[in-house]
Amino acid sequence: MCVKHDKLLELFCKTDQVCVCMLCSVLDHKTHDVVPLKEGYEGKKAELGKTEAEIQQMIQKRRLKIQEMNRSVELSKEGADREIADGVQVFTALKESEISELKKRSSEVEQLSRSEDQLHLLQSFTSLNAAPPTKNWTEVRVRPPSYEGTVVRAVTQLEDTLSKQMKKLLSEVELKRVQQYEVEVTLDPHTAHPNLILSDDGKQVKDGDVKKNLPGNPERFDFCPCVLAKQSFSSGRFYYEVQVKGKTQWYLGVARESINRKENITASPQKGYWMIVLRNENEYQAGAGPAVCLSLKSLPETKFANCRIFIKLNGSPEQAKVGVFVDYEEGLVSFYDVDAAALIYSFTGCCFKEKLYPYFSPCPNDGGKNSTPLIISPVNHTE
């Protein structure tokens, strides 16, 4: 009943979204869009059906998101995942709370949409038609955690109290962690400088001192004796090892796809190269810029990607092997002395925006002094 005029509510004002009596429509809603109660009822019932469908879709999206987050957690290693898992539990609780509220609203909307009480539906429509406010979780991502450098930093901070044996053990654990990301790497003859000789299996490269007559395709290096791998990487983590046994010079690392292959190479991230270099048999360098002398026990890790360092690789040249690890999303390129299980150098804070290719240069033969090949070696996974 209309409280003001004590008459039946027989009409619905679409302008003010209220039920009115005949007298109200004449006096207070004369210029408004007023329709019979049944017509207003049917229109709102149709809108409720649409709202219910939208809420159900929101529920489904959030359930799928929870599944995605849980799958991501399952892929991570036990122990290293605890922090991420705790975060996912919080996210899950929040989202389950949202879903509970959405389900409650869905039930109310469903009941109202089935109601034959025209007056009740129209009066309750405004409060139930809009979906409850929720957070947009579309951009939330959970990926396996990155702990690059944490063991190394712990060793450095506790250097005064940790024994040499413990430090070596921690270094071995760090190396084993990155070795799990081993990938298949083979050399691409279409990129090889004409002086280079590649093995049939694509695992070895050396300088032949003679320039072969090869097609000058755009992929080929014309100026420096180097070669890229066939494989490229634009996401995730990867690791490979190269034997540098008996060599006096070499370049190793990764290069971005757009590097200029027809000019002299400058080993720096600004030019698209992240690499370490051996010169003069025992002088190691990384990047380019002012020289900084370091010893391997300093376990260098720097955010200054344009820094040049000089270090000595542990182990004799007869057994030396270098490991290369890249985490694309973290912007990390690390080099390891595999035989000593020690970090040589890390480029950190890099911003990768295109494909990365493993890069190899055995350097000139130097009259036979540097004739030994670089060899891509399988990883020895020891327990």
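Q: What makes Leu23, Val26 and Leu27 a nonpolar patch on the surface?
A: In this predicted model, Leu23, Val26 and Leu27 together have about 260 Å² of accessible area. A patch takes residues with over 30% relative accessible area and joins nonpolar side chains within 5 Å. Val26, which belongs to helix H1 (residues 22-27), has 49% relative accessibility, so its value passes the 30% cut-off.

Q: Why does Val26 count as partly exposed?
A: Exposed requires over 50% and buried under 20%. Val26 has 49% relative accessibility, so it falls in between.

Q: Why is Thr186 called buried?
A: The relative accessibility of Thr186 is 12%, and the cut-off for buried is under 20%, so the term applies. Thr186 is in the loop between helix H6 (164-179) and strand E4 (196-198).

Q: Which residues are in contact with Thr186, leaving aside its neighbours within four places in sequence?
A: They are Asp201, Gly202, Lys203, Ala229, Lys230, Gln231 and Ile376. Contact here means heavy atoms within 4.5 Å.

Q: What makes the phi of Gln17 and of Asp366 worth a note?
A: Most residues other than glycine have a negative phi. Gln17 has a positive phi, near 60°, and the phi of Asp366 is also positive, near 55°. Gln17 sits in the loop between strand E1 (11-13) and strand E2 (18-20), while Asp366 sits in the loop between E16 and strand E17 (374-377).

Q: Why do Gln17 and Asp366 count as partly exposed?
A: The class lies between 20% and 50% relative accessible area. Gln17 is at 30%, so it belongs there. Asp366 is at 38%, so it belongs there too.

Q: Why are E6 and E10 placed at the edges of the sheet?
A: The five strands of this open sheet run in the order E6-E16-E8-E9-E10, with antiparallel pairing. Strand E6 (227-228) and strand E10 (283-286) each have a single partner strand, so one side of each is without a neighbour in the sheet.

Q: What is the confidence of the model over the chain and over residues 288-312?
A: The mean pLDDT of the protein chain is 79, with 74% of its residues at 70 or more. Over residues 288-312 the pLDDT is below 50. In the model this stretch has 71 contacts beyond near neighbours in sequence.

Conventions:
Residues are numbered from 1 along each chain as its sequence is written. This is a predicted model: local features need pLDDT of at least 70, side-chain atom pairs count only at pLDDT 80 or more; totals for chains, interfaces and linings use all residues. Side-chain values use heavy atoms; hydrogens and water are left out. Two strands pair if DSSP finds at least two bridges between them. Helices (H or I, at least four residues) and strands (E, at least two) are DSSP runs, numbered from the N terminus. Patches are made of residues with over 30% relative accessible area and no salt bridge: like charges are joined within 9 Å, nonpolar side chains (Val, Leu, Ile, Met, Phe, Trp, Tyr) within 5 Å. Accessible areas come from the Shrake-Rupley method with a 1.4 Å probe; for residues, only the protein chains shown count as cover. A salt bridge is a side-chain nitrogen of Lys or Arg within 4 Å of a carboxyl oxygen of Asp or Glu. Buried means under 20% relative accessible area, exposed over 50%, partly exposed in between (1.4 Å probe, protein chains only). pLDDT is the predictor's confidence in each residue, from 0 to 100.
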